[in-house]
Amino acid sequence: MKVIKTVQLMQKTAMKLKRKGRRIVLVPTMGYLHNGHLSLIKKARKTAGANGVVVVSIYVNPTQFGPNEDLSRYPRDLKRDLDLIRPLNVDIVFNPSDKEMYPGKEEGLYSTYIVEENLSKNMEGSSRPGHFRGVATVVGKLFNIVMPDAAVFGEKDYQQAAIIKRMVKDFNFPLKIVVSPTVRESDGLAMSSRNSYLNESERKQATALFRAIQYAKNAVSKKGTINANDLKNELKNLIEKEPSGRVDYIEFFDPETLQPVSKVRSGAHLALAVYVGKTRLIDNASL
Ligand code: AMP
């Protein structure tokens with residue numbers, strides 16, 4: 001397993017591999033890996049095939065964090081990450097510095113971003129202004145640097161995956177996007193690097209997101225069609241019964257267009273963002 005730190009060497013390596021006809025599959029991550037990430041890497045290994053090359057990028061992208069968000073305290077541990085990845089037959093870890101990824105940014109010279117203008121409007125987009133501009137930009141840059149034939153993203157970040165798929169179409173990136181299911185802890189909590197922020201009591205309360213999803217699924221299967229606002233209120237009550245639980249948003253929407261629906265039926269998608277103490281968690285599911 002090679003660890004590459006510079007854009008130049010990554011691009012040179014990718015071009016060499018492509019000339020040899022080797023298929024490159026990329027898994028972009030911000031590190032502090034958990035089983036959710038590892039499932040994406042396993043999917044990448046399968047997608048790449050025996051002769052293919054799996055590249056995992058580990059980079060905490062500053063442009064997707066708002067000024068009052070957790071960039072400086074986001075968990076980082078490269079050694080731990082490399083130990084977790086090594087048994088999975090990964091060929092390359094791309095782990096660039098901020099200077100490599102955003103040349104001239106400190107001097108105020110970096111000035112080009114990718115902005116998706118439709119799917120990014122609501123949910124994470126409105127709650128975290130500028131977030132998807134940072135995500136689309138770094139992912140577009142990673143596509144130009146790693147030159148993958150396919151890239152694997154998690155369904156955990158449903159809106160993000162939808163935006164990346166749109167960006168790939170709109171900007172003619174020559175690759176396939178693979179979306180992989182959410183991996184959960186045994187009590188249903190979606191795995192996330194941010195779960196490490198939770199204390200013992202918050203960790204228990206955090207299952208409220210999964211319980212809300214189960215509640216909504218049950219409601220839809222029992223009643224057929226439900227008024228979205230009514231169901232939102234019921235989920236909010238369920239979550240805010242937890243002493244540290246506070247809903248940021250709950251949204252029911254069309255899984256393709258991400259447009260909110262006023263009537264919730266089977267096939268509608270639910271996404272939610274919840275503060276548990278100071279930690280902001282997200283989750284989503286098809287109902
Ligand atoms: P992150 O390191 O949080 O930026 O996530 C990197 C990739 O892993 C993204 O495509 C996420 O959607 C995906 N991911 C994060 N958590 C999970 C999970 N619990 N299950 C599946 N994929 C995940």
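A backbone polar atom of M191 sits 2.9 Å from a nitrogen atom of the ligand, a polar contact in the sense of N or O atoms within 3.5 Å (within protein, one must be able to donate a hydrogen and the other to accept it, and residues adjacent in sequence count only if both atoms are side-chain atoms). Keep in mind that this is a predicted model, where local features need pLDDT of at least 70, side-chain atom pairs count only at pLDDT 80 or more, and totals for chains, interfaces and linings use all residues. Residues are numbered from 1 along each chain as its sequence is written, and side-chain values use heavy atoms, with hydrogens and water left out.

**Around the ligand**

- The ligand is surrounded by 16 residues, and the closest are H37, G154, D157, V183 and M191; a residue makes this list if one of its heavy atoms lies within 4 Å of the ligand.
- H37 comes in with its side chain, placing an N or O atom 2.8 Å from an oxygen atom of the ligand.
- G154 uses its backbone instead: an N or O atom there is 2.9 Å from a ligand oxygen atom.

- The protein splits into domain 1 (2–180) and domain 2 (193–286), with bounds from an automatic or database domain assignment.
- Their C-alpha centres are 27 Å apart.
- At the interface, 22 residues of domain 1 touch 21 residues of domain 2, where contact means heavy atoms within 4.5 Å.
- Together the two domains bury about 1800 Å², with 50% of that on carbon and sulfur atoms; this is the accessible area (1.4 Å probe) that the two parts lose on being put together, summed over both.
- Between the domains, 12 residue pairs are in polar contact, both partners at pLDDT 80 or more.
- On the domain 1 side, α5 (124–127) and α7 (158–170) are the elements giving two or more residues, and α7 has the largest share with 3 residues. Helices here are DSSP runs (H or I, at least four residues), as are strands (E, at least two), numbered from the N terminus.

**Salt bridges**

- The whole structure has 15 salt bridges, each a side-chain nitrogen of Lys or Arg within 4 Å of a carboxyl oxygen of Asp or Glu.
- Of the domain 1 and domain 2 interface, the rule finds 2 salt bridges across it.
- R194 and D70 pair up through their side chains at 2.8 Å, N to O.
- R45 and D91 form another salt bridge, with their closest N and O atoms 2.9 Å apart. R45 is in helix α2 (residues 35–48) and D91 in the loop between α3 (78–85) and β4 (92–94), so the pair links distant parts of the chain, 46 residues apart.

- Most residues other than glycine have a negative phi.
- M147 has a positive phi, near 50°, and lies in the loop between α6 (131–146) and β5 (150–154).
- L258 is also not a glycine, yet its phi is positive at about 65°; L258 is found in the loop between β8 (245–253) and β9 (263–264).
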